[in-house]
Amino acid sequence: RRGDESYYAYLKAMYTRKRDTLGAALTDAGFAIPDYNQTAGGGFFIFCRITPAIRALLPPERINAPNAAAPGGIARLDWALCQWLAEEKGVLCIPATPFFS
């Protein structure tokens, strides 16, 4: 792209803008995200922390509810939140536990 030092500089700037835009929206919604001035910012995922304010929005009956698709057949907090966001708010996200179990 014209005006950029190289194609790779353009890609870095574009993905940084996208990350920062999504990060700001997640923070505004009440999630906690990494400080990318302190930690590495590579990759295509933003691993958000579920804050107490976000957890309070999730109906308690969804946590630890049976769910055949969830690891171990139980919808733990992150899985329950992702399912609730998809079904009730139309927001798709991926639970983090499968990445770390």
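Where in the protein chain is confidence lowest, and where is it highest? Confidence is lowest in helix α4 (residues 97-100), at a mean of 82, and highest in β1, at 96.

**Figure 1. Confidence along the predicted chain.** This is a predicted model, in which local features need pLDDT of at least 70, side-chain atom pairs count only at pLDDT 80 or more, and totals for chains, interfaces and linings use all residues. Residues are numbered from 1 along each chain as its sequence is written, and side-chain values use heavy atoms, with hydrogens and water left out. The pLDDT, the predictor's confidence in each residue from 0 to 100, has a mean of 90 for the protein chain, and 96% of its residues reach 70 or more. Helices (H or I, at least four residues) and strands (E, at least two) are DSSP runs, numbered from the N terminus.

**Figure 2. Helix α1 and the residue that follows.** Helix α1 covers residues 7-29, and its end C-alpha atoms are 33 Å apart, in agreement with the 33 Å that its 23 residues should span at 1.5 Å a residue; the expected span is 1.5 Å times one less than the number of residues. The buried residues of α1 are Tyr 10, Met 14, Gly 23 and Leu 26 (buried means under 20% relative accessible area, exposed over 50% and partly exposed in between, with a 1.4 Å probe and protein chains only). Gly 30 follows α1 and has a positive phi, near 110°.

**Figure 3. The salt bridges of Arg 62.** The structure holds three salt bridges (a side-chain nitrogen of Lys or Arg within 4 Å of a carboxyl oxygen of Asp or Glu). Arg 62 is in the loop between α2 (52-57) and β1 (65-66), and its side chain meets that of Glu 87 in a salt bridge (2.9 Å, N to O). Glu 87 belongs to helix α3 (residues 77-89), so this pair ties together parts that are 25 residues apart in sequence. The side chains of Glu 88 and Arg 62 also meet in a salt bridge (3.5 Å, N to O). Shared partners join Arg 62, Glu 87 and Glu 88 into one network.

**Figure 4. Cysteines without disulfides.** A search of the whole structure finds zero disulfides, defined as pairs of cysteine sulfur atoms within 2.5 Å. The sulfur of Cys 48 is 8.2 Å from the closest cysteine sulfur, in Cys 93, which is too far for a bond. For Cys 82, the nearest cysteine sulfur, that of Cys 93, is 3.6 Å away. Cys 48 is partly exposed, with a relative accessible area of 28%, whereas Cys 82 is buried at 11%.
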